[in-house]
Structures are given as C-alpha cells and as structure tokens.
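User: I would like to learn how to read a structure feature by feature. Where do we begin?

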Amino acid sequence: KGEAKQKLLDAMAEVDPKIMNEMAQLTKHNSIEGCKLAEADIVYTPCLNLKKEERMDTGQVGFKDESFRLLMKNVEKDKDIIK
C-alpha cells in the first residue's frame, strides 16, 4: 500500500505547474462560491480519497487520508485562461 501511495503522490507532483494553474482556474470558475471571490484555495485529491458520510451536508466531503490532498492557496482569477 505504501508503494502505491508514493507512486500516486509522485504522479501528482509531476504535473506541469502550467497545467495545474489551468486546472485551478477552471475549478475556481466553475465553483458557485469560488467564482465570486478574488482569491480562493483549491484542493485536489484522487476520487478514491474522498469520504462521504450521511451526516454531511450536500456537497460536503472529507478526506480518508489528508496526505493525498494537494492544496493551492490564494488562486487569483486569470481572465486569459478562462476565455
């Protein structure tokens, strides 16, 4: 399990920063709350790492393993990418 986890973390780290920025812009733009903000934090994680429990509100999720999260802080809107 540890080896698979490391491979996944390595793969996430190898994504070109330019592509990560484009993904963050699209995520922010398609977010009901994020699109209204000047800056927003974006969190990426593999879908298998998402944890959903009955007690959670609609749209709310948690993470099974926090170390699989990739946090991009203070993502500002880039109108050129969103065009």
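Analyst: With a charge over a ring. The rule asks for NZ of Lys or CZ of Arg within 6 Å of the ring centre and within 35 degrees of the ring normal. Here Lys5 lies over the face of Phe68, 5.6 Å from the ring centre. Two notes on the source: this is a predicted model, where local features need pLDDT of at least 70, side-chain atom pairs count only at pLDDT 80 or more, and totals for chains, interfaces and linings use all residues. Residues are numbered from 1 along each chain as its sequence is written, and side-chain values use heavy atoms, with hydrogens and water left out.

User: How many aromatic pairs are there?

Analyst: Rings of Phe, Tyr and Trp (its six-membered ring) pair if their centres lie within 6.5 Å; planes under 30 degrees apart are stacked, over 60 edge-to-face, and the rest tilted. By this rule the count is zero.

User: What is the order of elements along the protein chain?

Analyst: Elements are DSSP runs, numbered from the N terminus: helices (H or I) need at least four residues, strands (E) at least two. The protein chain has three helices and four strands. From the N terminus on, the order is α-α-β-β-β-β-α. Its C-alpha atoms fill a box of roughly 40 × 35 × 15 Å along the principal axes.

User: What share of the residues counts as buried?

Analyst: Buried means under 20% relative accessible area, exposed over 50%, and partly exposed in between (1.4 Å probe, protein chains only). Of the 83 residues, 18% count as buried.

User: Which residues form the largest nonpolar core?

Analyst: In soluble globular proteins, nonpolar side chains tend to be buried together. A nonpolar core is a set of buried Ala, Val, Leu, Ile, Met, Phe, Trp, Tyr and Cys residues joined through side-chain atoms within 4.5 Å. The largest one here has six residues: Met20, Ala24, Ile42, Tyr44, Met72 and Val75.

User: What does Val75 touch?

Analyst: Contact means heavy atoms within 4.5 Å. Leaving out residues up to four places away in sequence, Val75 touches Ala24, Gln25, Lys28, Ala38, Glu39, Ala40 and Ile42. Across the protein chain, take contacts between residues at least 6 apart in sequence: 61% join residues at least 24 apart.

User: Which elements line the largest pocket?

Analyst: Work on a 1 Å grid over the protein atoms alone. A pocket is an open set of points with protein on both sides within 12 Å along at least five of seven lines; a cavity is a set where a 1.4 Å probe fits but cannot get out; lining residues have an atom within 4 Å of a point. Points are joined across faces, edges and corners, and volume is the space filled by probe spheres set on them. The largest pocket has a volume of about 210 Å³. H2 and E1 are the elements that give two or more residues to its lining. E1 gives the largest share, five residues.

User: And what lines the largest cavity?

Analyst: Gln25, Lys28, His29, Cys35, Lys77 and Ile82 line it. Its volume is about 40 Å³. H2 supplies the largest share of that lining, three residues.

User: What is the phi of Asn74?

Analyst: Most residues other than glycine have a negative phi. Asn74 is not a glycine, yet its phi is positive, about 55°. Asn74 sits in strand E4. It counts as partly exposed because its relative accessibility is 46%.
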